[in-house]
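Subject: Structure for your review

Dear colleague,

Please find below the structure that I am handing over to you, with the sequence alongside. My findings follow it.

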Amino acid sequence: MGLLYRVRVRVINCLIFFLLVVLLPGLPPKTTFPFEGFRFAKPRELKGALEPTNHLDNAERLFEGKIYGPEALLVNGKDIFTTIHGGEVIRINGEHITHIAKFGKPCELSFEEETCGRPLGLAFDTKGSNLIVGDAYYGIWSVDLTTGNKEQLVSPDTVLEGKGVNRKGKLFNSVAVARNGDIFWTDSTSDFTLQDGVFSVFANPSGRLFQYDRSTGKNKVLLDRLYFANGVALSPNDEFVLVAETMAAQIRRYYLTGPKAGTDDIFIDGLPGLVDNLVADAEGIWAPLIQAADDENPSITQMLSNVPLIRKFVIRMLALAELPMRLIHQVVPNVHTQRIIHAIGHFESLIFFSPSRQTVVKISWGGRILGSLHGFDGSAGSVSHVAELGDYLYLGSPYNKFLARVPLPKMPKIEVRDVKYKPATETTTTTTPKPTTTTTTTPKPTTTTPKPTTTTTTPKPAATTTTTTPKLTTTTTTPKPTTTTPKPATTTTQKPKTTATPKATTTTPKPTEAPKASTEVPVTTKKSDKKPSATEQPASSKDTPTEPAPIHEKLPNDTPKPKQEKLKVIKKGAVSPFFRVAWKTAASRVTMSKQKLFVPDIRSTAYISNLPYDLTNVDVHKLFSKHGKIVKVTILRDKVTRKSKGVAFVLFANAQEALECCNAYNNAEMFGRTLKASIAKDNGKSGEHAQRKQYPDKSRCYECGDEGHMSYNCPKNVLGNKTPPRKHGGRMKEKRKHQHDEESFGWAIESELEPPVGLRMDSDAAVCTKKVKYRKSDYFSDDEELDTGD
């Protein structure tokens with residue numbers, strides 16, 4: 001009795017506490033719509049087009065540790081635009097990362113999203129070279145990719161239209177641009193920001209789909225009360241717009257034109273996971289599932305959707321746990337309380353409970369699942385966006401600290417319906433009159449004719465039984481069976497007809513009148529998925545191949561190229577005629593300029609990334625010159641805006657000095673950033689950019705473009721000015737030119753007259769056998785712009 005009493009008391013106490021939390025008025029959080037029960041479709045079984053595969057396993061990870069949270073991906077040529085933590089939009093081209101825009105304030109830590117901003121949606125504008133961006137905290141923006149100017153289109157302070165309740169937007173998410181320039185965008189929830197995204201899982205749906213009119217600048221609500229409105233995609237002809245309801249695992253369709261304009265319906269539901277962004281193409285849409293949901297891994301939204309009291313209890317408990325941290329942070333701002341607030345309400349807290357399956361679904365524009373890609377080893381992480389580029393499928397994620405990619409599937413798994421297939425059939429015709437003598441004739445295969453025929457030869461018996469086994473056809477037409485008995489004491493011979501078509505067909509004998517005494521045997525038909533073959537053939541019949549024999553042709557090897565003769569080097573003595581011929585040959589074979597002949601060893605070049613964007617060429621030189629003599633500094637800049645990309649190539653006069661510099665600055669904390677340093681690897685264009693850039697106009701500074709000073713003492717130099725190199729007179733230039741010609745010729749002779757087209761990929765391979773000599777005037781040079789495909 002004592003145990004039962006204690007259990008009863010505990011149950012009553014828990015029930016009282018539950019009712020107090022649920023029924024007490026005024027407890028946080030405040031929601032737009034009351035807590036009500038609702039239902040949506042259960043997840044589909046993983047069968048047919050959803051059958052699990054392992055295509056997303058062993059995903060390749062790019063830029064690991066350099067980017068955090070590439071949520072959305074956008075491809076333009078060879079460039080990939082993406083959004084990352086810190087409120088930035090960047091462009092990736094090969095191994096280079098370029099800053100495009102930032103909408104929030106400067107911040108240092110990832111959980112300071114409310115200050116930094118968090119771009120989530122990306123779309124190219126159909127009017128001008130603009131990039132439309134949806135920032136979760138700062139609204140909808142337009143970024144001019146030519147000038148870098150930003151314009152806010154929708155502010156988070158604007159009260160927006162709603163179905164019954166007008167309210168501000170709280171979580172700006174995905175964007176899509178129509179042909180006429182109108183922007184379709186989603187407000188995932190009007191109750192909570194992304195910092196408290198977990199709360200939206202338990203609250204009643206309050207997401208909205210908007211249409212922003214570019215001509216008037218006004219927003220029109222199309223759909224309201226969506227269960228976390230997320231990805232947006234427009235049909236190819238802008239007939240309708242699709243919007244993903246993440247927590248409901250479904251996609252809704254809103255008609256823009258046609259007889260159903262202004263109405264909506266369910267495009268597809270019951271997806272085996274929480275759908276995120278939608279990526280449209282000609283065939284349909286890619287729908288990545290940020291979190292798997294099936295019978296083995298049920299979704300919490302599916303389980304609690306129809307029990308509003310439990311959802312209300314959970315959301316109030318989360319708000320009460322977060323409330324004291326918010327009060328402390330308002331009085332004494334610190335990173336500890338901010339980190340706890342972020343851990344309680346942010347979606348990143350739920351990734352530990354996510355199933356191991358990652359899934360991307362391909363859906364046609366008619367709402368049918370065409371195929372799916374799956375992964376189970378976790379190498380791709382949670383997938384929120386996909387982008388096709390070349391032979392790869394790039395996978396975005398809000399949680400990954402890398403960009404994943406897998407080979408693009410050549411043919412996704414397709415669900416085929418309503419397709420009829422008729423295999424070739426096997427037909428046997430037997431006629432049995434009064435048996436006296438039996439003769440079996442197997443006709444030879446003939447080629448396809450409009451009226452197939454069979455040659456049948458019968459001697460003069462009193463009564464004859466003829467059994468015909470025709471050859472089978474590869475077509476889907478089955479000839480009708482025929483019972484044939486020729487007249488006694490007669491011989492009938494028919495010549496087969498032939499055409500130029502090489503395919504074997506089924507032949508049937510020409511029908512004749514059968515005697516009354518004959519008995520018919522029913523025809524038996526067998527279906528076979530493989531290539532049919534003749535059932536029975538006598539020993540006298542000739543075998544015919546069912547497939548044409550493969551053709552093998554042996555081609556003679558090409559004539560090997562003649563070996564080039566090495567030229568003799570004459571170091572001393574008078575100039576002989578042979579030396580003149582050798583010098584002319586070498587000069588004609590060497591196509592590179594004189595300065596390009598002195599290509600430095602790639603091991604002497606340090607690759608420094610994640611540098612501050614305001615550092616100049618002089619700053620980089622002063623920063624790294626303490627590790628050795630610097631020959632050249634090259635800062636990568638955007639072709640249009642001339643802004644730094646945060647990447648520099650520093651060429652040292654000695655390979656050991658370059659290695660020491662890389663070891664000293666790799667993963668070093670400077671300027672609030674983590675620098676990355678390594679020995680540069682060649683991309684095939686080093687020979688093209690190895691020469692010193694010439695600046696004939698010495699009246700302007702190449703850093704700021706102003707007159708009156710040079711780049712060595714430019715006001716933009718953050719780390720101070722630099723002493724310019726010493727200049728030499730004309731005689732010294734002529735002497736160097738003469739030495740340079742001799743060294744160029746000697747270099748060409750030693751390399752067997754093969755000019756270097758570019759540095760090889762192997763960093764251990766020497767470029768030339770001659771030791772490179774650098775002039776003091778080359779120790780420091782102006783930066784130059786590399787062609788990175790921007």
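With a relative accessible area of 3%, serine 206 is buried; please note that the model is a predicted one. Serine 206 sits in the loop that joins α3 to β14 (207-212). Apart from residues up to four places away in sequence, serine 206 touches Phe33, Arg167, Ser188, Thr189, Ser190, Asp191, Asp224, Arg225 and Leu226.

As to the chain in general, it has 790 residues, of which 46% count as buried. Its secondary structure consists of twelve helices and 39 strands. Among contacts with a separation of 6 or more, 64% are made by residues 24 or more positions apart.

Isoleucine 90 is another buried position, with a relative accessibility of 2%. This residue belongs to strand β4 (residues 88-93). Leaving aside neighbours within four places in sequence, the contacts of isoleucine 90 are Ile67, Ile80, Phe81, Thr82, Ile84, Ile97, Thr98, His99 and Ile100. One of these, isoleucine 67, is 23 residues from isoleucine 90 in sequence, and the C-alpha atoms of the two are 9.6 Å apart.

In helix α6 (residues 335-345), the buried residues are Thr337, Gln338, Ile341, His342 and Gly345. These residues lie on the same side of α6, because the arc they cover around the axis is only 140 degrees. In an α-helix, residues three or four places apart point the same way, because there are 3.6 residues a turn. The cover over the buried residues of α6 includes α3 (199-202) and α5 (308-331). At the N-terminal end, α6 is capped by asparagine 334, which has a side-chain oxygen 3.1 Å from the backbone nitrogen of histidine 336.

Helix α9 (residues 617-624) is mostly covered, with seven of its eight residues buried. The buried residues of α9 are Asn617, Val618, Asp619, Val620, His621, Leu623 and Phe624. Their cover includes the strands β34 (605-609), β35 (630-637), β36 (644-652) and β37 (669-670), as well as helix α10 (655-665).

Leucine 327 is located in α5 and counts as partly exposed, because its relative accessibility is 47%.

I turn now to charged pairs. Side chains of opposite charge can pair when their charged atoms come close. The count of salt bridges is 16, and several of them are set out here.

Arginine 405 and glutamate 60 form a salt bridge through their side chains, at 2.8 Å from N to O. This pair links distant parts of the chain, as arginine 405 is in strand β27 (residues 403-407) and glutamate 60 is in strand β1 (residues 60-62), 345 residues apart. Arginine 405 counts as buried, at 16% relative accessibility, whereas glutamate 60 counts as partly exposed, at 35%.

A salt bridge also joins the side chains of aspartate 187 and arginine 208, with an N to O distance of 2.9 Å. Aspartate 187 belongs to strand β13 (residues 183-187) and arginine 208 to strand β14, so this pair ties together parts 21 residues apart in sequence. Both aspartate 187 and arginine 208 are buried.

The side chains of arginine 252 and aspartate 264 meet at 2.5 Å, N to O, in a further salt bridge. Since arginine 252 is in strand β18 (residues 250-255) and aspartate 264 is in strand β19 (residues 264-268), the pair ties together parts that are twelve residues apart in sequence. Arginine 252 is buried, at a relative accessible area of 18%, and aspartate 264 counts as partly exposed, at 33% relative accessibility.

Finally, salt bridges link Asp196, Glu322 and Arg326 in a network.

Yours sincerely

Key:
Residues numbered from 1 in each chain as written. Predicted model: local features only at pLDDT ≥ 70, side-chain atom pairs only at ≥ 80, totals over all residues. Heavy atoms only, no water. Buried < 20%, exposed > 50% of the residue type's maximum accessible area, 1.4 Å probe, protein only. Helix = DSSP H or I, 4+ residues; strand = E, 2+ residues; numbered from the N terminus. Arc of directions from axis to C-beta. Contact = heavy atoms within 4.5 Å. Polar contact = N/O pair within 3.5 Å; in protein donor to acceptor, adjacent residues only side chain to side chain. Salt bridge = Lys/Arg side-chain N within 4 Å of Asp/Glu carboxyl O.
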